[in-house]
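Take a look at the protein and its ligand below. The report after it goes from the ligand to the fold and then to single residues.

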Amino acid sequence: MDSTYQRMSDLQLPDLIQGILNGERAFLSRGITLVESKKAEDQRLSAQLMDQMIQKKPESLRIGITGVPGVGKSTFIDAFGTMLTGMGKKVAVLSVDPSSNRSKGSILGDKTRMEHLSKDPNAFIRPSASGNSLGGITSKTREAILLCEVAGFDVVIVATVGVGQNEAVVKEVVDYFLLLMLAGSGDELQGIKRGIMEMADHILINKADQGNVKAAKQAQKNYENIMPLLPPNEADWKVPVDLCSAIEKMGIENAWEDIKKYKEKTCQTGWFMENRKRQLLKWFHRRIQSKLEENFYTRPDIKDEIRKKEALISAQKISVRKAVDGLFNA
Ligand SMILES: Nc1nc2c(ncn2[C@@H]2O[C@H](COP(=O)(O)OP(=O)(O)OP(=O)(O)O)[C@@H](O)[C@H]2O)c(=O)[nH]1
Ligand SMILES: [Mg+2]
């Protein structure tokens with residue numbers, strides 16, 4: 001990442017902005033690398049860049065896609081994205097993987113699994129934003145989404161592996177959240193999935209092909225029975241539970257039809273823009289929190305101070321409250 005970026009130092013900000021506005025993928029890549037950078041100078045430039053990127057493309061659509069490893073996310077996105085570029089749309093795919101030791105593997109996997117899309121001139125694929133804090137990742141991903149939109153991408157797909165916490169990040173940055181599931185994996189019985197199902201605007205049971213069709217239909221029934229037991233969808237949207245086969249490209253068009261219906265409906269009710277506005281404000285507050293944290297932990301000598309307090313707390317010589325107050329009054 002750094003080596004791509006080093007060339008950035010020769011690039012002036014106005015050129016970068018113009019390149020992004022022209023929809024040039026190389027500039028878009030550089031822009032994203034810039035906003036992901038932790039260097040102070042890059043952060044200063046990023047602030048200037050992002051200030052030029054406000055609300056340029058409100059007609060875009062941001063779709064989150066999640067599901068357990070191996071469910072077929074990459075295969076689905078390849079088929080779905082290629083269908084969209086075939087309709088004349090420009091499609092960006094960003095992936096988010098906060099729990100990231102596996103991101104290198106995923107990137108390699110994505111290159112082969114998104115065989116068509118990765119060669120498509122109207123697609124842009126950008127692997128994993130990672131980082132230590134969820135707030136940091138949300139922020140980077142949001143900025144990457146905005147940059148893609150300004151660069152003229154109509155549909156931005158944010159993909160993540162469904163392992164628990166990642167979905168919450170994605171949910172905060174997208175308009176529509178699609179959950180891929182498998183039949184017969186016991187998913188439908190796991191309590192842990194419930195939270196994710198509550199976030200979903202769409203449930204697609206993938207791999208409904210070959211010998212698996214009957215099980216997929218059974219899973220569909222099971223999920224349909226579960227849905228009414230969940231809290232109502234925030235957008236007052238009846239969450240579709242459908243079958244698809246990413247490999248056989250079955251159910252992909254149908255999914256897009258539903259997504260379009262959702263957009264139409266929520267634009268009419270006002271939820272679409274309301275949700276974006278809420279997400280923006282949430283982002284604002286998250287960023288305040290991470291700034292405060294960053295400022296605190298980068299204070300000189302703070303590490304030593306914290307270690308001392310830890311020792312005192314462990315030895316039960318000081319209350320947590322007093323230790324914290326001490327750090328802030330130091
Ligand atoms: N039969 C069948 N196999 C599929 C389908 N979609 C994906 N697969 C296969 O399932 C395996 C995993 O697919 P991926 O698209 O890599 O899954 P993923 O969810 O991106 O996996 P991770 O990136 O590891 O989380 C591959 O061998 C695919 O060929 C499908 O619709 N039907
Ligand atoms: Mg994948």
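A polar contact is a pair of N or O atoms within 3.5 Å; within protein, one atom must be able to donate a hydrogen and the other to accept it, and residues adjacent in sequence count only if both atoms are side-chain atoms. One case involves N206: a polar side-chain atom of N206 lies 3.2 Å from an oxygen atom of ligand 1. Taken alone, ligand 1 exposes 650 Å², and the protein buries 78% of that. Such accessible areas come from the Shrake-Rupley method with a 1.4 Å probe; for residues, only the protein chains shown count as cover.

This is a predicted model, in which local features need pLDDT of at least 70 and side-chain atom pairs count only at pLDDT 80 or more, while totals for chains, interfaces and linings use all residues. Residues are numbered from 1 along each chain as its sequence is written, chains are lettered from A and ligands numbered from 1 in the order in which they are written, and side-chain values use heavy atoms, with hydrogens and water left out.

**Confidence**

pLDDT is the predictor's confidence in each residue, from 0 to 100. The mean pLDDT of the protein is 86. A value of 70 or more is reached by 85% of its residues. Residues 1–6 are another matter: pLDDT stays under 50 there. For this stretch the model has 7 contacts beyond four places in sequence. A contact means heavy atoms within 4.5 Å. Where pLDDT is low, the predicted coordinates should not be read in detail.

**Around the ligand**

How many residues surround ligand 1? The number is 17, and the closest are K73, T75, R113, D209 and A246. A residue is near a molecule or strand if one of its heavy atoms lies within 4 Å of it. The shell divides into 5 nonpolar, 7 polar and 5 charged residues. Here Ala, Val, Leu, Ile, Met, Phe, Trp, Tyr, Cys and Pro count as nonpolar, Asp, Glu, Lys and Arg as charged, and the others, Gly among them, as polar. Helix α5 (residues 73–86) gives the most to the shell, with 3 residues.

Two other atom pairs link protein and ligand. An N or O atom in the side chain of T75 is 2.5 Å from an oxygen atom of ligand 1. G72 uses its backbone: one of its N or O atoms lies 3.0 Å from an oxygen atom of ligand 1.

G72 lies in the loop between β1 (61–67) and α5. Buried means under 20% relative accessible area, exposed over 50%, and partly exposed in between (1.4 Å probe, protein chains only). G72 counts as buried because its relative accessibility is 12%. Not counting residues up to four places away in sequence, G72 touches L180, N206 and A246. G72 and R113 are 41 residues apart in sequence, yet 9.0 Å apart in space, C-alpha to C-alpha.

**The fold as a whole**

The protein has 14 helices and 7 strands. Helices (H or I, at least four residues) and strands (E, at least two) are DSSP runs, numbered from the N terminus. Of the 330 residues, 49% count as buried. Among contacts with a separation of 6 or more, 77% join residues 24 or more positions apart. The accessible surface comes to about 17,200 Å², and 53% of it belongs to carbon and sulfur atoms.

**Buried residues in helices**

| Residue | Helix | Relative accessible area |
|---|---|---|
| S46 | α4 (residues 40–51) | 7% |
| A323 | α14 (residues 320–329) | 2% |
| E36 | α3 (residues 25–36) | 11% |

Leaving aside neighbours within four places in sequence, S46 is in contact with L34 and V35. The C-alpha atoms of A323 and I306 are separated by 8.8 Å, with the two residues 17 apart along the chain. The side chain of E36 makes a polar contact with the side chain of R126 (3.2 Å).

**Two loop residues with positive phi**

Q210 is not a glycine, but its phi is positive, about 45°. Q210 sits in the loop between β6 (202–206) and α10 (213–226). Is Q210 buried or exposed? Q210 is exposed, because its relative accessible area is 66%.

D236 also has a positive phi, near 60°, in a residue other than glycine. Its place is in the loop between α10 and β7 (241–243). D236 has 60% relative accessibility, so D236 counts as exposed.
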